[in-house]
Amino acid sequence: MKTYVVLLLLCLPFFSANAQDTVETWIDRGIALHDQGDYEGAIQIYQEALKEYPESMLIYYKIALSYLSLFHYEEAIRWSEKALQAKDKVENTSLVYSVMASAFDNWGKYEEAIRIFDRGIQEDPDNYLLYFNQGITYRKMGEEKEAMISFLQALTIFPLHLSSLFHSANLLAENGYPGLAFYNYCFFLLFEPDTDRSRSAWENLMNLNKDSSPVPSFTITDSNFRLQRNERMDRQVTSQAAGTPYPRMYHTLRGLEEHLNEWNHKEFPKIYQSFYIPFFHHLITSGHLESFCRKTSAVADPSSATWITKHEDKITDLHIWVNLFWQEFMD
């Protein structure tokens, strides 16, 4: 089951500015039971609330979410539809679409899930999570090119979305684009340096295949997401075949320095041109390259982990620099 969706939905704010306190009281009681794992009890509370507020989209949504947690997918879908038809709308209707699509996905009805994601995206085209979750469903369907486009859509809206970075890096590595996969893995490891996913990312990064070639069916020619292989970049990324983790990371990035400007052109998706490639170009000349390589290799390199504990000030400076770069990009 897509637990990341459920957890996210429980955490994100959903109330509109005009929600009444009495509705909030009902919802708070239901959420308390839901959080304790008493999903059926939560549903009973929400259904009692509906007697007083029969047009509350929020209450219908909460019922759908609890049914999703019970693996009652048909009920989750039915109550999601009721939520979308309710007159008392709330601001974040994309969460309703996420619950409904997740129910179809978990039920194995992938094409229906894609259709619901499309409905949500049409209503809220700037919601990167809808694109990300759609990409996960496409991967389950074996539609890897469509999955990659969905992940790139998510990253175009929010370049720091770690799950989109992780899954898109895996797709790029598997389909013959080690250079772009390297960028995604590095960026992911900066922000998620010590988890099971980061250990998987590091292993994949270190095993990028220099002999791989792009899978023809994975070719993307969309103007926003064009993918063509750059052999010089791929050679540079895969040439560091030996050595301990930190030197491999450091020398690979240092070796890219003279070519980064050359690679900022139309063969890459636009988000690479506008954000990822400029980030690494400025990183290499910023004075923070060692800190970056230590941070991203610490998951596999005890010497880097030790270095970080002795140079917390340099890691802090790296984070400050990254935040400034992000703010300039957003401006």
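Visitor: In which helix is the place of Ser304?

Guide: Helices are DSSP runs of H or I with at least four residues, numbered from the N terminus. Ser304 belongs to helix H17, residues 302-310. This is a predicted model, in which local features need pLDDT of at least 70 and side-chain atom pairs count only at pLDDT 80 or more, while totals for chains, interfaces and linings use all residues. Residues are numbered from 1 along each chain as its sequence is written, and side-chain values use heavy atoms, with hydrogens and water left out.

Visitor: Is Ser304 buried or exposed?

Guide: Buried means under 20% relative accessible area, exposed over 50%, and partly exposed in between, with a 1.4 Å probe and protein chains only. Ser304 has a relative accessible area of 0% and is therefore buried.

Visitor: Which residues does Ser304 touch?

Guide: Contact means heavy atoms within 4.5 Å. Not counting residues up to four places away in sequence, Ser304 touches Tyr246, Arg294, Ser297 and Ala298. With Ser297, the side chain of Ser304 also forms a polar contact of 3.0 Å. A polar contact is a pair of N or O atoms within 3.5 Å; within protein, one must be able to donate a hydrogen and the other to accept it, and residues adjacent in sequence count only if both atoms are side-chain atoms.

Visitor: What is the case for Asn170 in helix H10?

Guide: Asn170, within H10 (residues 162-174), counts as buried because its relative accessibility is 11%. Leaving aside neighbours within four places in sequence, Asn170 is in contact with Arg139, Tyr185 and Asn204.

Visitor: How do H11 and H16 pack, and at what angle?

Guide: Two packed helices are described by the angle between their axes and the distance between the axes. Axes are lines fitted to C-alpha atoms, for helices over the stretch in contact, and angles run from 0 to 180 degrees between N-to-C directions. H11 (residues 178-191) and H16 (residues 289-297) pack at about 80°, with axes 8 Å apart, so H11 is roughly perpendicular to H16; that class covers 65 to 115 degrees, with under 35 roughly parallel, over 145 roughly antiparallel and the rest oblique. Cys186, Leu189 and Leu190 of H11 and Phe292, Lys295 and Thr296 of H16 make the contact.

Visitor: At what angle do H9 and H15 pack?

Guide: H9 (residues 144-157) and H15 (residues 270-284) pack at about 45°, with their axes 10 Å apart, and H9 is therefore oblique to H15. Leu152, Leu155 and Thr156 in H9 meet Ile271, Tyr272 and Tyr276 in H15.

Note on methods
Helices (H or I, at least four residues) and strands (E, at least two) are DSSP runs, numbered from the N terminus.
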